[in-house]
Amino acid sequence: MNERMYELGAAPSAIRELFAYGLARKAEIGADKVYDFSLGNPSVPAPDAIAQAMAKALELPPMQLHSYSPAQGAPACRQAIADNLNKRFGTAYSSDDLYLTMGAAAALDACITAITNPGDEVIANAPYFPEYRIWIENAGCTCVEVPTRSSDFQLDVPALAAAITPKTRAIIVNSPNNPVGTVYTRENLEELAAMLRAKEEELGQPIYLISDEPYRELAYGGAQVSWVPDIYADTLVCYSWSKSFSLPGERIGYVLVPPAAADARRVYLAVCGAGRVLGYVCAPTLLQKVIADCIDTPVNVEPYVRNRKLLTDMLDDLGYEYIEPAGAFYLWMKALEPDAQAFSDKAKGHELLIVASDSFGVGGWVRVSYCVSEETIVNSRDAFAALKADYE
Ligand code: PLP
């Protein structure tokens, strides 16, 4: 047996562990008495257009509906995505630039596998989505953690520059960000791009940005989510409809390899090769049809806007310190003691489930996922107040 695989299977992530604890606790004392802010499962229903497109697709002859698609995805779906991006970002992508995947996870894994060789380095900006490290290490590479700026959790460009070596193949950026809820400003990304262009020149090799964007449309309070390939040519985009259309269980997303990226054709074919090695075969055919039909459906962010306000008003009232969330559906709150895990454990005592920042590569904070019902936020007030009182 492969011991590493065994370890990964046997030890659930801290987030999943807390979520499982929440399910057991809800069964024990009642769902309304547990305030579960642990998981990033969207709380907004999928748009009606999705169910309608699914019903329409189900009327197709079974041989069309259930068959394999080409490995990179059905041309009609890829074309619909390219058209949608071109309309929104003034680009000129074609279906040949897109490789459809089972969600952003498969897109990221395929990209990392495609552009690295064992012994290479990939940089993750801490705090970061914990699976990055697993995919990077599975490709035989080193995950190099670079902390974001402690003041505002934007990218720390001088620190990134210092971390780049001849072995650096890629930097993963994720905006809107899980777990902090930040949106990187255009200025911050431009500073990064200028530094990377200089490093590429100096090292004589491309350094790719892997832009992980499952929360692209979830931005609030006027935050602008930049189109990263416009700012830095050597960007590979990983996207999914898991969050924007609330379809995390349907497993549909893509890799975009913009033609202006270094070695674009070879990178695209390497992504196809990585998909082959990883056994992806093709993205779900039914979902490809649904996405082709629904691609222009607006994303409903209103419930998250309301939740964000309810939560921040409550935390302001209670005197908690946090980073103002500009996107995604997470709030990054300062733990009231240096040991974030101890703080999260104490919160559990008040039936409050918030994830310790240690699992995201930094100490001293907790992630509060506000993709929950409004009642969960409103009713959690006493628990947040009692937790605060524990430290006074
Ligand atoms: N990247 C980030 C930052 C995420 O938060 C998630 C899921 O929560 C993923 C990637 C994986 O997304 P998907 O469910 O589309 O595979």
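Begin by selecting strand β13, residues 365–369, which is mostly covered, since 5 of its 5 residues are buried (under 20% relative accessible area with a 1.4 Å probe, protein chains only); strands here are DSSP runs of E with at least two residues, helices are runs of H or I with at least four, and both are numbered from the N terminus. The model is a predicted one, in which local features need pLDDT of at least 70 and side-chain atom pairs count only at pLDDT 80 or more, while totals for chains, interfaces and linings use all residues. Residues are numbered from 1 along each chain as its sequence is written, and side-chain values use heavy atoms, with hydrogens and water left out.

Show the side chains of β13 next: Trp365, Arg367 and Ser369 point one way, Val366 and Val368 the other way, and all are buried. In a regular strand the side chains alternate between the two faces of the sheet.

Strand β10 (residues 330–334) runs antiparallel to β13 and is joined to it by 5 bridges, with Leu331 having Val368 as its bridge partner. Strand β12 (residues 355–356), also antiparallel to β13, is joined to it by 2 bridges, and Val355 stands opposite Arg367.

Move on to Lys26, Asp36, Val372, Ser373 and Thr376, which lie nearest the centre of the second largest pocket, lined by 18 residues (a pocket is an open set of points on a 1 Å grid over the protein atoms alone, where a 1.4 Å probe fits, with protein on both sides within 12 Å along at least five of seven lines; lining residues have an atom within 4 Å of a point). Finally, select α15, which gives the most to this lining, with 3 residues.

Key: Buried < 20%, exposed > 50% of the residue type's maximum accessible area, 1.4 Å probe, protein only. Pairing = 2+ DSSP bridges.
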